[in-house]
Amino acid sequence: MMRTSMLAMAMTLASAPGMVGTAHATSSDTASRDILPVPVPSFSGTMEPSLRESKPVWAEKVKAPAGAPNILLVLTDDVGFGASSTFGGPIPTPNLDRLAKQGARYNNFHTTAMCSPTRAALLTGRNHHGVGTGALTDIAMGFPGYNGELPATSATIGRILQGNGYSTAWFGKHHNVPGDESGETGPFTRWPTGLGFEEFYGFVGPETDQFRPTLYHGTQPVSLEGRDPTMLLDRDLIDHAIGWLHSQQAATPDKPFFLYYAPGSAHAPHQAPPEWMARFKGKFNDGWDAERARTVARQQEMGIIPKGTAVSPRPQALPAWDSLDADHQRLYGRYMEAYAAMLAYQDHEFGRLLDELERTGTLANTLIIFIEGDNGASGEGGPEGSVNELAKLTGQPDQSFEEQLRNIDKLGGPDSYQVYPAGWAWAMNAPFPLFKQIASHLGGTRNGLVVAWPNHIGQPQQMREQFHHVNDILPTVLEATGIPAPKFVDGAPQHSLDGVSMAYSFTGPSLPSRHAVQYFELLGNRAIYRDGWLAATNPGRMPWQQKSATEPQDFTWSLYNLKSDFAQAKDLAATEPKRLAEMQALFDAEARRNNVYPLRANLDPVESARMRRPETPRLNYVFWGELSLPWAKQPMLARGFTIDCDVTLSNASNGALVATGSNLGGWSFGLDKGIPFAIHAASSAEADQYHITATSPLPAGKQTLTFSFVPDAPRPGAPGLLTIAANGRTIGQGRIDRVGMMPAGPGETFDVGDDRGRPVTDYAGTPHFDGRIERIGITLGMKQ
């Protein structure tokens, strides 16, 4: 079945056959007990007769092992190793600091270099390609390692714990739902409630606006009507997490809980409360070169990295801070202030959850695993940064430097959707080279880890230096809870775990690492680790570029001895050619075992669409009332279109009839005091805002409104003429000189009768349409 990406527009541009391949590794033959069906949403499947007990399995309640701890698992987003004060960074994270003092810090922990793959490996304990998530779910393809579908043969940590007597809840981000499964009609198999989590409150997709988030409770959309406009998402998530804990403790105090907290903050858009922005005013005026150097010095002083660690130079694509003029320094400094405020605020809100665990006495038997970042800091903003992160990723023009400077005071607030310049990402990844997306280099894959568990962590002040990977978390939790890895879950035979337990390091800080070999691959960037050595390719593009200069098979390789070269700064390929060849052969073996091939290097929507073998795009849509559609299901208004609206108006009707995207990129068709309008934001730039209105209001009663766009040329994005008609009579017309290629951002939905999430425009009152929608039809292309 073909999967649709967040860049679904590309499906109308290209198609080509894909491929199919073999499955992942065989199931584990280690001793385990089976997870039997329980009456909650879970993986589909029929229990084999040989696995049935003599009496109905639903007659028994499965209890957790005696003394099993509560589990709090935290995964933050786009936080580099050198960002938080806990790992020597410039951004104060006092609550993570106090957790580290109670537990242990790990300085040799790794992710996959990008969001969806890391989360897939975390949830399943398997390598990311082995569970179909070799890249972002949004750019899934027709290959086994890249289909974006978490398989039933790799049950999640939530499902395993739920089936063993745990209460389970998830608050925050879920970026492992295939595009065509992200709508309100499902299927919900790969939503949190289908992955073993009894409670979910958060967002589905890569990101969401922190002030106007697109949220779901379970699988139902959350209305923002009456929401405090000053409340950011982190506060909301922690409020719901605390509320759930209170309910869980009240209703089932005999059951341990598993709480997974995954805030979207520190990922773009970088937004923070104004009072937190004020705390960092002027704090980064010295620039990224000085900040990175100070961080490396602190890390050595704190014992986070070895004394005398050599570090790589600033990438050539990034300017020296001192080469920038005063205006650029002022703007770029403000970008970093917003990021710092966001991460500091995230830590503050996490502290409220930590306080509540202490206040209620549950902390004493709670294992807390805090992963600071699902990959390295993001360089996707490029050398200049952007107030519209999605436009930057897709190569679309946006605000000029002069316009950004005029709006500098808006950065970090509800009117921005920014990602900082890549120079700051390089600084936040100190002491390591490069960025998120680049799985060959530690700036993309090395993240800080803190583990705390009262009376179970020996020598808490001693740094844990063992090599570990995000796929080790599930095995660690199973060992800590006394739950064996299951052979079957809901009738599905389980693939073996790729990760190893880290529990030995809790009391053995100096014991040798038990994770000896680990491959890395993401968008052509690849590496292989074995016993302290790392062989790695050199990237063909930077994260802000869509196209690679070379094909993945032509990437050059480097070799590093991480035992003596902590920060991956000294290439030994020329002096150790035999070892490099052995490591390359090992990578190939691991790649074949995990469905890593075929390799791709580009982050290109058209290429993704071709390799997904898309179905023929729909040209006609009919809607019979208020609804919302995910990105993958919506009509893409980048070419000619006609929207026919049969509606019943109230007196001076207001609200959106159809809206998609936001004021950063999107469309809205509706009425303002009875006057029909069409609004298009090609980007967030002032010159890209188009407002076309009718000449007079429409009376109450039944009306047929038509919005039609005729482009000047038959190609996506061509400018053209938009016409508004009522009952067949033209009542408004205007030019749209630039058409945005897709709505922004990826968490936004296509709404009929409303404008959920971040709105396309400021409406008179609420975006909700106050009349009645009888029928809305949309035809893509021009009517015949």
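Leaving aside neighbours within four places in sequence, Asp 374 is in contact with Leu 75, Thr 76, Asp 77, Asp 78, Thr 111, Met 114, Cys 115, Thr 118, Arg 119, Lys 173 and Asn 447 (contact means heavy atoms within 4.5 Å). This is a predicted model, where local features need pLDDT of at least 70 and side-chain atom pairs count only at pLDDT 80 or more, while totals for chains, interfaces and linings use all residues. Residues are numbered from 1 along each chain as its sequence is written, and side-chain values use heavy atoms, with hydrogens and water left out.

Asp 374 sits in the loop between strand S8 (366–372) and helix H8 (389–393). Helices (H or I, at least four residues) and strands (E, at least two) are DSSP runs, numbered from the N terminus. With a relative accessibility of 0%, Asp 374 counts as buried; buried means under 20% relative accessible area, exposed over 50%, and partly exposed in between (1.4 Å probe, protein chains only). The Asp 374 side chain makes a polar contact with the side chain of Arg 119 at 2.9 Å, and also reaches the backbone nitrogen of Asp 78 at 3.0 Å. A polar contact here is a pair of N or O atoms within 3.5 Å; within protein, one must be able to donate a hydrogen and the other to accept it, and residues adjacent in sequence count only if both atoms are side-chain atoms.

Arg 119 is itself one of the buried residues of helix H2. Ten of the ten residues of H2 (residues 115–124) are buried, so this helix is largely enclosed by the rest of the structure.

What about the greasy interior? The largest nonpolar core has 76 residues, and Leu 72, Leu 99, Phe 171 and Leu 259 have the most contacts inside it. Such a core is a set of buried Ala, Val, Leu, Ile, Met, Phe, Trp, Tyr and Cys residues joined through side-chain atoms within 4.5 Å. Helix H4 (residues 233–251) supplies the largest share of this core, seven residues. Apart from it lies another core, of 48 residues, including Ile 157 and Ile 371.

Now for the strands, where two of them pair if DSSP finds at least two bridges between them. An open sheet of six strands runs in the order S18-S27-S20-S21-S22-S23, with antiparallel pairing. Strands S18 (627–629) and S23 (689–693) stand at the edges with a single partner strand each, so one side of each has no neighbour in the sheet. Within this sheet, S21 (residues 665–672) and S22 (residues 675–681) are joined by seven bridges, and Phe 669 stands opposite Ala 678 in S22.

Elsewhere, strand S25 (residues 720–726) has six of its seven residues buried. S25 pairs antiparallel with S24 (residues 701–711) over seven bridges, and with S26 (residues 729–736) over seven bridges. S25 and S26 form a hairpin with two residues between them, and Asn 727 in the turn has a positive phi of about 55 degrees.

Most residues other than glycine have a negative phi, and most peptide bonds are trans. Gln 459, not a glycine, has a positive phi near 50 degrees, and at 48% relative accessibility counts as partly exposed. Two peptide bonds are worth a look too: Ala 430 to Pro 431 is cis, with omega near 5 degrees, and Tyr 597 to Pro 598 is cis, with omega near 5 degrees.
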